[in-house]
Amino acid sequence: MPLFVEVALPVPMRQTFSYQVPEHIVIVPQKGMRVQVPFGRQQLIGLITAITDTCNLTPKQIKPIVSILDDAPLLPDSLYKLTAWAARYYFCSLGQMLSQAIPVALRKGAESKAATATYWTLTDAGRAADVNQLNRAPAQRKLFNALAERDLEQHEITALELSKAALKALDDKGWITKNSRVVSVDLSWRTQLEMTEEPHRLNPEQAIAVATLTLQSGYHCTLLEGVTGSGKTEVYLALLETILKQGKQALVLVPEIGLTPQTISRFRHRFNVKVSVIHSGLTDNQRLDAWRHAKTGEAAIIIGTRSALFTPMAYPGVIILDEEHDSSFKQQEGVGYHARDLAVMRGHLEDIPVLLGTATPSLETLQNALSGRYEHLQLGQRAGNAEKVRQGIVDIRNQPLRTGMSHALLNEMRIHLDAGNQVILFLNRRGFAPALICHECGHLHECDRCDAFFTVHQALGEIRCHHCSNQYAIPKQCHQCGSTMLAGQGVGTEQLASFLEKEFPNHPVVRIDRDTTRNKGSLEAHLNAIHKGEYKILVGTQMLAKGHHFPDVTLVGLLDVDGALFSADFRAPERFGQLYTQVSGRAGRASKPGTVLLQTHQSDNTMLRELMHKGYGEFARNQLNERKQALLPPAWHMILIRAEAHLAADADALLSQIGALLPQNEECEVIGPMPAPLDRKAGKYRRQLLFQTKNRNQLQQAFEQALPQIEQLPLAKKCRWSLDRDPQDLL
């Protein structure tokens, strides 16, 4: 009797494909196994979604599968259900969603079970060696000390950002050697959990939070709202201790790769268990190794960025999302899923608790907590003996500025630096200057492919568009009038850093932005140098604002906040509030009191005043009320349809036709088509259409009905168009 399978493939078509199982294949197909199949002229790897004994295609149309790659389903049932739910929610194909959920190596056909593992260990010569010989080679010393504690697998060396050159140097000395062993799953941590340090004493608020969390059983979603520096990580560690003692695993999601090394080291210091790390900085094979350890249950703790959300756990215990408000949890390219929303759904499907921790909750999460859908725990005190931060506004109207800095801020910096402390200056613009202006005719040099100005990068000797990466050498003459009097307009981090080096020659300056941390391990190296006090002035973009603990920073200055107060995006005030709170949380985290100064032309702005005097909590609650009145998310639910074309009229026409297919009444609203805030990008005109409804089901039903008709529109083949459910960014 013939057997057929339905297969989900990583293609944008919203359907599964039928294939026949030839008789020579002896493995019995099951839902969730990978198969290799012919598709057009190529062969693809997909997942089986159903097995049937009938097929409505003619025998000529149906093709046989080439091979079955697994002997058991790749994903547990709960994760399979999660991807199916997400594919429907984000209006993409099941194959596309499944390919988000599976490591790249498995999508290319790698073995899902490993036979051997490679690890590094100290040799007898290494054990007898004197570590002081490495005093002048800090990278080798760090690696040597790590190996003295225990053997390290190849993927752990990358995850801990240990140097490859140091690895080779120690290997050449004969102090370390590479071995391989047959993989056997070690689950000893489940019966006997070893603690490697004593837990800190919790303050009353932390103790109440931990007690509440450990009493929960089954699915619960909890928001832990704690001011910056209130010791949320300590609460996570105490909760993990309970979960691990029950023999269950924990999945911890962090927004940025830069935060993983410090999180890993905190967890490794506390628990002697295997910690798997998953993020985009690892190679495909390293990610696969980590995935296998989580799936077999060998890894007790899995730490990763948003893609780690889909990692299977043999013994699921808890999901923790740190900095849940961070926009990095929302994927921007391809399938625009939000890891926070899917983490809550996964907790629901696996019947385990989900903990969302942040000092500045997103309005969506805050609404769920205030309405009682989530449990709400608050930490209002800074941990230890850290004091509250002093805040001040510097009104720069009619003030002379030097490279964007007022005299008041420079004087304050001198006081803090002379006392031996560190200072952070925050400026959300990388590069030397945001635009190149002609001093004679006022012409601003604009990208020829986008509606945006070029940014000057002095060190690279080029002007570059940050939207399409278009770049040229810095011009010698104005393109309009031929004058040679060209100057950078505005201030970027590169220019600010070079000004401060001249202004404070005795205090070393470090700059942290996407340009200076591009190379692997460079962010980690900069952060270590800051901790050691090698740099006194820290200049950076929002990379500096995220979760870092700098005990010696006592002054934080925000240079250009006016741009954040006026924006085309309705989320701008919420983002600014989060950013301000996070950045000011970097000051005065230890025993030294901290100061935050804000430079603005809008010193009487009510939003600014409210944020400074009443704090983020009240500011966010007022923002929620404003959104309700304006019928904006999270009060209403939104989908953003983007279209881009070489002719603006094509994009407009397509979105008008889509708008006509969607319902409009008191509970459903279509806005647009309208130009995107950046109207032209990389030579194409961009238009957008907003569809919003009063409740989530209306949006789902209306759009599911319209989608097949939208895909049939002739213009849908001429323009590039995409859907963004619950958009985080309207730009």
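The legends below describe close-up views of a predicted model. Local features require pLDDT of at least 70 and side-chain atom pairs pLDDT 80 or more, while totals for chains, interfaces and linings use all residues. Numbering runs from 1 along each chain as its sequence is written, and side-chain values use heavy atoms, without hydrogens and water.

**View 1. Arg725 in strand β31.** Strand β31 covers residues 720-725 and contains Arg725 (strands are DSSP E runs of at least two residues, helices H or I runs of at least four, numbered from the N terminus). Arg725 is buried (under 20% relative accessible area, 1.4 Å probe, protein chains only). Arg725 has no salt bridge (a side-chain nitrogen of Lys or Arg within 4 Å of a carboxyl oxygen of Asp or Glu); Asp726, the nearest side chain of opposite charge, is 4.2 Å away. The Arg725 side chain reaches the backbone oxygen of Tyr89 at 2.9 Å.

View 2. Six of the eight residues in α2 (94-101) are buried, among them Leu94, Met97 and Ala101. The elements covering these buried residues include β1 (3-8), α1 (77-89) and α12 (339-350) (contact: heavy atoms within 4.5 Å).

**View 3. Met97 in the largest nonpolar core.** This core has 79 residues, of which Met97, Leu342 and Leu558 touch the most other members (a core joins buried Ala, Val, Leu, Ile, Met, Phe, Trp, Tyr and Cys through side-chain atoms within 4.5 Å). Helix α19 (residues 606-629) gives the most to this core, eight residues. Beyond four places in sequence, the residues that Met97 touches include Phe310, Tyr337 and Leu342.

How values were computed:
Buried means under 20% relative accessible area, exposed over 50%, partly exposed in between (1.4 Å probe, protein chains only). Lys and Arg count as positive and Asp and Glu as negative; His and the chain ends are not counted. A polar contact is a pair of N or O atoms within 3.5 Å; within protein, one must be able to donate a hydrogen and the other to accept it, and residues adjacent in sequence count only if both atoms are side-chain atoms.
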